[in-house]
Structure formats: C-alpha cells, structure tokens
Amino acid sequence: MKFRMLHLLAISVLALPMARAQVNVVVPQYVFDQQNDPQPITQKDNVAALTPGQTFIPTLDGIDFADFYLNNYSGIPGQLDVRLRDGIGGPILGTSAEVDVPGDNTFGYYRFFFPTRIDLTPGQTYVLEVVQLGGGTAW
C-alpha cells in the first residue's frame with residue numbers, strides 16, 4: 001500500500017529579550033513516497049550475515065533518505081549504512097551516511113541520508129539493503 005504524506009520538522013526558536021537580530025529558520029519538508037509498517041516484529045536476523053533488503057517501486061523520481069525500524073539486541077553498539085541497488089542483485093547506485101545504533105535492545109526508527117539525491121525511474125524496482133559496518137551483530 002502506498003502512502004504520501006508531508007512531514008514538517010518542528011523547530012523551536014528562543015527569542016531573548018535583548019536580541020535584536022532577526023532569525024530566519026528554514027524548516028525541511030519531507031515527502032514520503034511509500035512506507036511499510038513493520039508491526040508486528042516477527043523476525044530478528046544477523047545483519048552482518050544476511051544483508052537484508054527491502055524492494056520498492058517508486059512513484060517519485062528521486063530518493064534522499066530511507067527510514068528503517070531496527071533493534072540491536074546484542075548489547076554492543078553497531079554502525080550501519082544503507083545501499084540502494086538497481087533491482088535485486090543489481091549495481092549499487094548509492095550508499096547512505098553511516099548511522100550509529102545503540103546496543104540497548106530497544107526498537108527505533110533510524111534515518112539513513114544519502115549524500116545527494118539519487119535519481120530513480122518511477123515504476124522500476126529498486127532495493128534498499130541494510131549493511132553492517134561494525135559493532136553488535138544481533139538485529
């Protein structure tokens with residue numbers, strides 16, 4: 001099921017009584033092409049051994065980031081990134097920045113930003129792969 005929603009990041013600005021400078025705040029806007037609700041969680045895997053992925057067929061013409069719902073239950077913090085592939089087993093089109101995930105056995109959403117927007121062809125199949133770079137191995 002495809003969803004499109006606009007998410008505004010709330011930013012608070014504190015105006016001090018003596019401050020006279022005007023502050024302009026740019027609030028990023030995110031457009032979500034799709035989402036896959038991860039509930040209920042039924043499986044835990046070893047990311048280092050499996051390199052799990054999620055296929056998707058975009059309706060938008062680019063991707064800037066991907067969100068994943070993760071749990072590191074190893075007790076050791078881990079470092080992950082996400083690769084975007086052109087189809088299953090296809091060439092790597094881009095790799096996200098590294099994200100640190102604590103090893104505290106709590107579930108949470110983690111946002112993986114790509115350094116620049118990656119162009120996509122709407123209607124074509126792509127794969128987002130979670131790649132373990134180091135740390136805990138129980139996901």
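The largest nonpolar core of this predicted model has 18 residues, and those with the most contacts inside it are I63, F68, L84, F112 and L128. Several strands contribute to this core: β4 (62-71), β5 (78-85), β7 (99-101), β8 (107-119) and β9 (126-135) each supply at least two of its residues. One of the residues with the most contacts inside the core, I63, illustrates how its surroundings are made up. Leaving out residues up to four places away in sequence, I63 touches F56, L84, F114, T116, R117, I118, L120 and L128.

The overall plan of the chain can now be set around this core. Read from the N terminus, its elements follow the order β-β-α-β-β-β-β-β-β-β. Of the 139 residues, 32% count as buried. The accessible surface comes to about 9,100 Å², and carbon and sulfur atoms account for 55% of that area.

Not counting residues up to four places away in sequence, R85 touches G90, P91, I92, L93, Y126, V127 and E129. One of these residues, E129, is also its partner in a salt bridge, with an N to O distance of 2.8 Å between the two side chains. The pair links distant parts of the chain, since R85 belongs to strand β5 and E129 to strand β9, 44 residues apart. Both R85 and E129 are buried. Salt bridges that share partners join R83, R85 and E129 into one network. The contact between the side chains of R85 and E129 also counts as a polar contact, at 2.8 Å.

How many salt bridges does a search of the whole structure find? The search finds four. Side chains of opposite charge can pair when their charged atoms come close. Two further examples involve strands β8 and β4. R117 forms a salt bridge with D64, and the closest N and O atoms are 2.9 Å apart. This pair, too, links distant parts of the chain, with R117 in strand β8 and D64 in strand β4, 53 residues apart. R117 counts as partly exposed because its relative accessibility is 49%, and D64 is likewise partly exposed because its relative accessible area is 31%. R117 is also among the residues that I63 touches.

The other example joins R111 to D67, with the closest N and O atoms 2.7 Å apart. Here R111 lies in strand β8 and D67 in strand β4, 44 residues apart, and the pair again links distant parts of the chain. R111 counts as partly exposed because its relative accessibility is 26%. D67 counts as partly exposed because its relative accessibility is 31%.

A last stop is the loop between β8 and β9, where Q124 lies. Is Q124 buried or partly exposed? With a relative accessibility of 27%, Q124 counts as partly exposed. Leaving aside neighbours within four places in sequence, Q124 is in contact with F56, I57, P58 and D86. Its contact with D86 includes a polar contact between the two side chains, at 2.4 Å. Along the chain, Q124 and D86 are 38 residues apart, while their C-alpha atoms are separated by 8.5 Å.

How values were computed
Residues numbered from 1 in each chain as written. Predicted model: local features only at pLDDT ≥ 70, side-chain atom pairs only at ≥ 80, totals over all residues. Heavy atoms only, no water. Core = buried A, V, L, I, M, F, W, Y, C linked by side-chain atoms within 4.5 Å. Buried < 20%, exposed > 50% of the residue type's maximum accessible area, 1.4 Å probe, protein only. Helix = DSSP H or I, 4+ residues; strand = E, 2+ residues; numbered from the N terminus. Contact = heavy atoms within 4.5 Å. Areas by Shrake-Rupley, 256 points an atom, 1.4 Å probe, with all protein chains shown as cover. Polar contact = N/O pair within 3.5 Å; in protein donor to acceptor, adjacent residues only side chain to side chain.
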